Amino acid sequence: MRRHRLQRSSEVSAARTGNGTLAVERAFGVAVEGEAVVSEEGFSPRYDLDRWSGLITKPGHKLEGVSIKDKICFFPTAKGGIAAGWAFNDIRSKGIAPRAFIFGIANPVMIQGAIFAGITITEGWSRDPRGLIHTGDWVRVDPQRMTISIVRRIRLGEGE
Amino acid sequence: MELTAEERDILAGKRGEAPKRALEYQMELGKFCGARRFVPVTNVHMMGDIEVMGDAGLRYLKDEVALGARCVVGVTTNARCIDFAHCARMGQDAAEVAKERELIGCLRQMGVITTDTCINYQTVYQPHLGEHVAWGDTGTVIYANSVFGARSNFESGPAALAAALTGRTLEYGFHLDEHRRGTFTVRLDAPLTDLADWGAVGKIVGESHQDYYAVPVFHGYAGTPTADELKHLGAALASYGSMGMFHFVGVTPEAPSVEAALGGRKPTETLTISAADLARVYASYSLGDGDARLVVFSGPQQSLLEMRRLAELFDGRHVHEGSSCFATTNGAILAQARKLGYADVLERAGVTLLEGVCFYILQNLTPMRIANGWCNMVSNSAKIVNIIGAHRFNTILRRTTQCADIACSGALK
């Protein structure tokens with residue numbers, strides 16, 4: 001595939017935050033804290049998740065084998081798919097839902113599903129969280145203030 | 001948000017508790033999406049089955065029925081997870097089968113037409129240019145926006161149901177002109193001879209542009225794509241890229257030219273897809289342990305023309321001993337396929353025809369895979385090859401003729 005990029009795609013608005021804090025563009029839900037899971041790959045509950053255990057099971061997914069239960073899940077993109085609308089409510093009812101979904105680029109289904117299920121969700125970030133937040137860090141998501149902040153960092157040798 | 005008098009009445013509960021609850025949910029979504037108002041919709045297509053809804057979803061539907069919920073526009077259902085004629089043989093859970101029946105009963109009490117199809121646009125309802133609808137299943141949405149020039153966002157189950165009860169949806173995304181313009185161009189410089197090739201194009205473009213609002217403009221194709229070819233292209237774009245719309249110059253109604261499709265803007269990128277790109281897609285699949293015992297024609301369901309093609313390919317042959325081959329379609333097409341003799345040819349060949357389902361949605365699919373010892377799944381659908389991963393299949397995209405050969409020979413190439 002020959003690919004010529006003629007101009008940069010749109011960028012999220014500039015950060016309005018200090019060190020250790022990420023700004024988000026849109027948010028829903030209550031403020032929550034939890035352990036971060038930071039993915040380099042997008043997410044769909046149908047494509048990637050075992051909706052009976054809460055484990056990412058798609059072979060080769062960057063988070064294969066990782067549980068999303070009670071986590072603050074950072075995903076750069078949404079995959080697919082219409083399933084999240086009902087599936088988020090289902091996994092919440094089964095007690096295996098994350099505490100929050102943090103998307104760089106979501107799609108409407110992720111928003112519809114999270115709001116229906118009452119799961120905190122945000123979209124758009126002031127900078128790539130992978131440079132700031134690491135899997136295992138304890139973070140706080142505050143939809144009212146549109147911020148995500150690090151409460152404490154994972155210590156070396158701890159966690160994933 | 002700007003509300004009409006009718007919407008204020010709904011919010012005040014004058015139309016009942018169910019539409020009030022639905023509109024409140026829609027308004028919460030509207031806050032997130034930045035929608036300023038609602039638009040009336042003429043048609044809703046919703047996903048609703050026990051595999052994805054679970055017990056919590058079924059409880060929700062029962063609550064809705066108890067509240068007297070009633071659809072105010074035509075509402076159809078997407079493919080579901082159980083074909084009641086085959087569920088016992090396929091090892092699906094009896095308790096879940098019973099819940100699925102209960103769930104269907106709830107939908108019907110609300111006035112939902114349970115068509116159980118993900119190809120409503122080929123068999124049930126074809127919206128016109130500019131018509132606002134609220135459809136779920138991403139393949140239906142991208143087809144509506146692109147091929148018909150209708151207007152819909154991805155409307156997942158609860159959102160589609162809310163639109164069904166209020167008769168409206170939020171005005172944002174693909175309901176607005178600004179999001180319908182092409183954002184990048186794709187020159188098709190490859191012969192596309194099979195449905196799998198069209199899906200492979202969707203994979204190449206979608207995988208590299210995972211953005212709901214990325215709208216590719218295809219051009220340079222010498223022939224006239226068929227409805228099934230556009231179906232597989234759109235389904236793959238929506239699956240790999242989560243895209244909601246594409247243009248195809250000279251084919252889709254909002255793309256008389258590249259310039260018109262781009263709406264006067266410059267493309268962010270220009271891509272060219274060659275035969276070598278397609279070859280790389282087919283070469284990219286691991287054959288795993290060489291298991292060739294599962295071949296699936298599904299996701300989206302088969303059209304009548306696809307059923308005829310399969311009947312031609314399987315006529316006089318038989319699925320290899322120990323292998324399984326499935327084709328899924330909806331009830332209307334299966335009835336026609338029976339009348340025309342296609343179904344008989346396929347069933348004599350050992351192909352299992354499933355009605356009203358898509359293979360990847362099937363209840364109990366992971367235990368089914370384990371019980372049958374399936375490792376690989378071969379299909380001519382780029383979408384299903386992408387979507388079924390959570391069930392831990394190793395998936396392989398092959399052209400339709402190759403799929404039939406693999407099913408009948410038990411040999412994977």
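Mentor: Start with Gln301(B), which sits in the loop between S10 and H12 of chain B. Keep in mind that this is a predicted model.

Trainee: What makes Gln301(B) count as buried or exposed?
Mentor: Count its neighbours. Gln301(B) has 31 C-beta neighbours inside 10 Å. The cut-off for buried is 20 or more. So Gln301(B) counts as buried.

Trainee: Which residues does Gln301(B) touch, leaving out those up to four places away in sequence?
Mentor: Among them are Ala79(B), Thr117(B), Cys118(B), Thr328(B) and Cys358(B). A contact needs C-beta atoms within 7 Å.

Trainee: How far is Gln301(B) from Ala200(B)?
Mentor: They are 101 residues apart in sequence. In space, C-alpha to C-alpha, they are 18 Å apart.

Trainee: What kind of peptide bond joins Gly299(B) and Pro300(B)?
Mentor: A cis bond, with omega at about 5°. Pro300(B) lies in the loop between strand S10 (294-297) and helix H12 (304-314) of chain B. Most peptide bonds are trans.

Trainee: What is the phi of Asn364(B)?
Mentor: About 75°, a positive value, and Asn364(B) is not a glycine. Most residues other than glycine have a negative phi. Asn364(B) belongs to the loop between strand S12 (352-355) and helix H15 (365-372) of chain B.

Trainee: Why is Asn364(B) called partly exposed?
Mentor: Asn364(B) has 18 C-beta neighbours inside 10 Å. Buried needs 20 or more, and exposed needs 12 or fewer. The value 18 falls in between, so Asn364(B) is partly exposed.

Trainee: And what about Arg392(B), with its phi near 65°?
Mentor: That phi is positive, in a residue other than glycine. Arg392(B) lies in the loop between helix H16 (382-387) and strand S14 (394-397) of chain B. Arg392(B) has 17 C-beta neighbours inside 10 Å, so it counts as partly exposed.

Trainee: How do you know that strand S2 (residues 43-46) and strand S3 (residues 74-77) of chain B pair?
Mentor: Pairing takes at least two bridges. These strands have 4, and they run parallel. One bridge partner of Met46(B) in S3(B) is Thr77(B). Between S2(B) and S3(B) the chain passes through helix H3 (residues 50-66) of chain B, in a right-handed β-α-β crossover.

Trainee: Which strands make up the closed barrel of chain A?
Mentor: It has 7 strands, in the order S2-S6-S5-S4-S3-S7-S8, with mixed pairing. Neighbouring strands of this sheet are turned by 40° against each other on average, direction ignored.

Trainee: How many bridges join strand S5 (residues 100-105) of chain A to strand S6 (residues 120-125) of chain A?
Mentor: There are 4, and the strands run parallel. Ala100(A) stands opposite Thr120(A) in S6(A).

Trainee: How is chain B divided?
Mentor: Into domain 1 (5-177), domain 2 (181-282) and domain 3 (289-409). The C-alpha centres of domains 1 and 2 of chain B lie 28 Å apart. In their contact, 15 residues of domain 1 meet 16 residues of domain 2. Helix H6 (residues 138-148) of chain B gives the largest share of the domain 1 side, 8 residues. That side divides into 7 nonpolar, 8 polar and no charged residues.

Trainee: How many residues does each chain bring to the contact of chains A and B?
Mentor: Chain A brings 42 and chain B brings 43. By class, the chain A side has 18 nonpolar, 14 polar and 10 charged residues.

How values were computed: Residues numbered from 1 in each chain as written. Chains lettered and ligands numbered in written order. Predicted model: local features only at pLDDT ≥ 70, side-chain atom pairs only at ≥ 80, totals over all residues. Contact = placed C-beta atoms within 7 Å. Nonpolar A, V, L, I, M, F, W, Y, C, P; charged D, E, K, R; others polar. Helix = DSSP H or I, 4+ residues; strand = E, 2+ residues; numbered from the N terminus. Domains from an automatic or database assignment. Axes fitted to C-alpha atoms, helices over the stretch in contact; angles between N-to-C directions. Right-handed = clockwise from strand over helix to strand, strands pointing away.
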